[in-house]
Amino acid sequence: MCNHDHNNSSRRKFLKTSAAAVTGAAAVAATGIASNANADVKQYAPPAKPALPPSTMKLDLSRTAVVIIDPQVDFLSPKGVTWGVVGESVTEHNTVENIENLFKIAKAKNITTAISPHYYYPTDHGWKFEGGLEKLMHKIGMFDRKGPLDLEGFENSGADWMPQYKKYINDGKTIVVSPHKVYGPETNDLTLQLRKRGVDQVILAGMSANLCVESHFRELQEQGFEVAVVSDATAAAKIPEGDGYAAAIVNFRYMANAVWSTKEALKQIEAAV
């Protein structure tokens, strides 16, 4: 047990050191990425003169689900192992509070709510090949649990839910699907759970924008769901390789049935039948 705690501590120290270096390098080297809040706001703002037709998506709450991806400590808390690279984006978009606002209205309106979490078990560390971010996630112990049937050490760990979300997720009504292992829901039961409830409209949010959220979005759309992405209820890493949020928001605008701010999403839900 002591060795396990030491390993977790070492992993977190490793990422904090790495993240600090990455963030500092990004500010200097990533000339294509906005380097201050004002520039970011301008970069992320909707185009003044859109070329694509506006959204016509209207919600029917009887067939709508709010789906939150990875609402976990490792992504959304300063205590999480990725905060050094995602913290700026999470703070800038007010992501933590915006996700909670979606939970609140989903519960108030009795909307189907589903969580697609990310967990890694010891056997997952035996993979023989991985992408760059998979290698990093495994190296730093991101979303680690002792096993699929073992919750020892889970409470308040990086794999646990953000504390303010627990009252919504643990209410006995929220669907917590099996974990996705890379980025998309192809390896879990999210689509099955939604279909079994007659859902074909999804309000999508969570972490992180260009990875799990975009992968879930693409698969859900391919499976025939109408998907609205909540643009400020997500965030992403900023590293020298690129600004993940900027990468995702362009694709959401190109492909999503709607891209709403949290304020707009709440308004759409209130206006729905």
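Buried here means under 20% relative accessible area, exposed means over 50%, and partly exposed lies in between (1.4 Å probe, protein chains only). By that scale, Asp200 is partly exposed, at 27%.

1. A word on the source. This is a predicted model, in which local features need pLDDT of at least 70 and side-chain atom pairs count only at pLDDT 80 or more, while totals for chains, interfaces and linings use all residues. Residues are numbered from 1 along each chain as its sequence is written, and side-chain values use heavy atoms, with hydrogens and water left out.

2. Salt bridges. Side chains of opposite charge can pair when their charged atoms come close. Counting a side-chain nitrogen of Lys or Arg within 4 Å of a carboxyl oxygen of Asp or Glu, you will find 9 salt bridges.

3. A link between distant parts of the chain. One of the salt bridges joins Arg63 to Asp200, with 2.5 Å between the closest N and O atoms. The two partners are 137 residues apart: Arg63 sits in the loop between helix H2 (37-44) and strand E1 (64-69), and Asp200 in the loop between helix H8 (190-196) and strand E4 (201-206). Helices (H or I, at least four residues) and strands (E, at least two) are DSSP runs, numbered from the N terminus. Arg63 counts as partly exposed because its relative accessibility is 29%.

4. Glu214 and Arg218 meet in a salt bridge at 3.0 Å, N to O. Both belong to helix H9 (residues 209-222), where they are 4 residues apart, about one turn of the helix. Glu214 is buried, at 8%, whereas Arg218 is partly exposed, at 38%. Elsewhere, salt bridges with shared partners join Asp60, Arg63 and Asp200 into one network.

5. A buried pair. Asp160 and Lys166 also form a salt bridge (2.8 Å, N to O), and both residues are buried.

6. The largest pocket. A pocket is an open set of points on a 1 Å grid over the protein atoms alone, where a 1.4 Å probe fits, with protein on both sides within 12 Å along at least five of seven lines; lining residues have an atom within 4 Å of a point. The largest pocket has a volume of about 990 Å³, taken as the space filled by probe spheres set on the points, which are joined across faces, edges and corners. Of its 34 lining residues, Pro46, Pro47, Arg253, Val259 and Trp260 are the closest to its centre. Helix H10 (244-255) is among the elements that give two or more residues to the lining, and H10 gives the most, with 7 residues.
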